[in-house]
Amino acid sequence: MRSLALFLSLIIFATLLTACKKETSLLSNLDQYRTNKIISTLQQHGINSSKVANKKGNAYSIMIDSSQLAEATAVLNALGPFTPAHVQQNPCEFKGLIATPSEERACRKDRLESGIEDTLSQIDGIISAEVHIVMSDKPEDSLKTEFISSSAAIFIKHRADVNLSIFKTNIKRLVEKSTPGLTYDKVSLVLIAASPLKVSQYAVYDNGSSTLIAVIVALGGLLLLSIAAFVFKEKLLKLVAKDKDAEEV
């Protein structure tokens with residue numbers, strides 16, 4: 001009887017803990033590499049997470065306990081990697097059956113910017129990268145290639161403990177060489193350090209309160225189970241006693 005009660009108690013305890021956990025989506029539309037990298041970063045700071053593939057299996061979402069959402073967001077804002085991969089985004093959409101020259105040009109520009117951003121995001125210490133390319137208009141009598149950029153602006157948010165200023169030249173050169181028609185002097189770069197990671201008071205409170213609630217609910221379940229086991233035992237003893245009395249008669 002005691003073994004059965006203990007076994008049922010463990011089942012109820014596990015069920016209650018699972019029921020108390022509510023998951024929410026932290027990020028979506030990510031490639032597998034960046035998904036694993038983010039999950040690893042979260043786990044290093046005690047935040048449990050899991051990945052869920054979309055229907056096509058070519059992109060993933062990261063799910064976490066809703067009580068740890070604020071803490072997880074603070075970790076990614078301070079440490080990254082936060083920039084999602086652009087390869088999973090929808091391809092360029094055109095209004096008509098055939099794209100106009102301006103639509104094709106805008107599509108190539110978007111793909112170029114996205115590709116450079118993804119490349120920059122691979123550098124250790126970079127949390128997010130945004131690249132904006134301004135392309136010059138091609139004169140009708142120009143013999144130059146159609147794909148010409150007149151200037152480029154780069155915004156990079158990086159970890160506070162990483163000094164990226166020593167790589168400014170390399171970053172600008174990378175963007176210059178990745179963009180046909182762009183010259184080094186037309187590339188501007190802005191580096192912003194993220195705020196240092198601090199322990200979030202409300203995150204600690206959420207975690208502590210959710211754990212306390214889970215413990216209280218579990219103890220309540222164990223108490224109800226103990227009462228039910230006691231009542232069942234008393235009824236069983238009465239039935240056994242009644243059967244003995246009937247046999248003696």
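The conversation below takes up the overall layout and then single residues.

Tutor: Please keep in mind that this is a predicted model, in which local features need pLDDT of at least 70 and side-chain atom pairs count only at pLDDT 80 or more, while totals for chains, interfaces and linings use all residues. Residues are numbered from 1 along each chain as its sequence is written, and side-chain values use heavy atoms, with hydrogens and water left out.

Student: How many helices and strands does the protein have, and what makes a stretch count as one?

Tutor: Helices are DSSP runs of H or I with at least four residues, strands are runs of E with at least two, and both are numbered from the N terminus. The protein has 6 helices and 6 strands, and along the sequence they follow the pattern α-β-α-β-β-α-α-β-β-α-β-α.

Student: Why is Glu113 called buried?

Tutor: Buried means under 20% relative accessible area, exposed means over 50%, and partly exposed lies in between, with a 1.4 Å probe and protein chains only. Glu113 has 9% relative accessibility and therefore counts as buried; its place is in helix α4, residues 101-120. In the protein as a whole, buried residues make up 31% of the 249 residues.

Student: What makes the pair of Glu113 and Ile133 a polar contact?

Tutor: A polar contact is a pair of N or O atoms within 3.5 Å; within protein, one must be able to donate a hydrogen and the other to accept it, and residues adjacent in sequence count only if both atoms are side-chain atoms. Here a polar atom of the Glu113 side chain lies 2.8 Å from the backbone nitrogen of Ile133. Not counting residues up to four places away in sequence, Glu113 touches Val131, His132 and Ile133, where contact means heavy atoms within 4.5 Å.

Student: What makes a group of residues a nonpolar core, and which residues have the most contacts inside the largest one?

Tutor: Such a core is a set of buried Ala, Val, Leu, Ile, Met, Phe, Trp, Tyr and Cys residues joined through side-chain atoms within 4.5 Å. The largest has 17 residues, and those with the most contacts inside it are Ile116, Leu120, Ile133, Ile154 and Ile156. At least two residues of this core come from each of α4, β4 (126-134), β5, α5 (168-178) and β6 (187-193), and β4 gives the most, with 4 residues. A second, separate core has 12 residues, including Leu26, Leu30, Ile38 and Ala72.

Student: Is Leu189 buried or exposed, and how do you know?

Tutor: Leu189 has a relative accessible area of 13%, so the residue is buried; it lies in strand β6. Leaving aside neighbours within four places in sequence, Leu189 is in contact with Ile154, Ile156, Lys168, Ile171 and Lys172.

Student: Why is Asn29 described with the term partly exposed?

Tutor: Asn29 counts as partly exposed because its relative accessibility is 31%. Asn29 is found in strand β1, residues 23-30, and its phi is near 60°, a positive value in a residue other than glycine.
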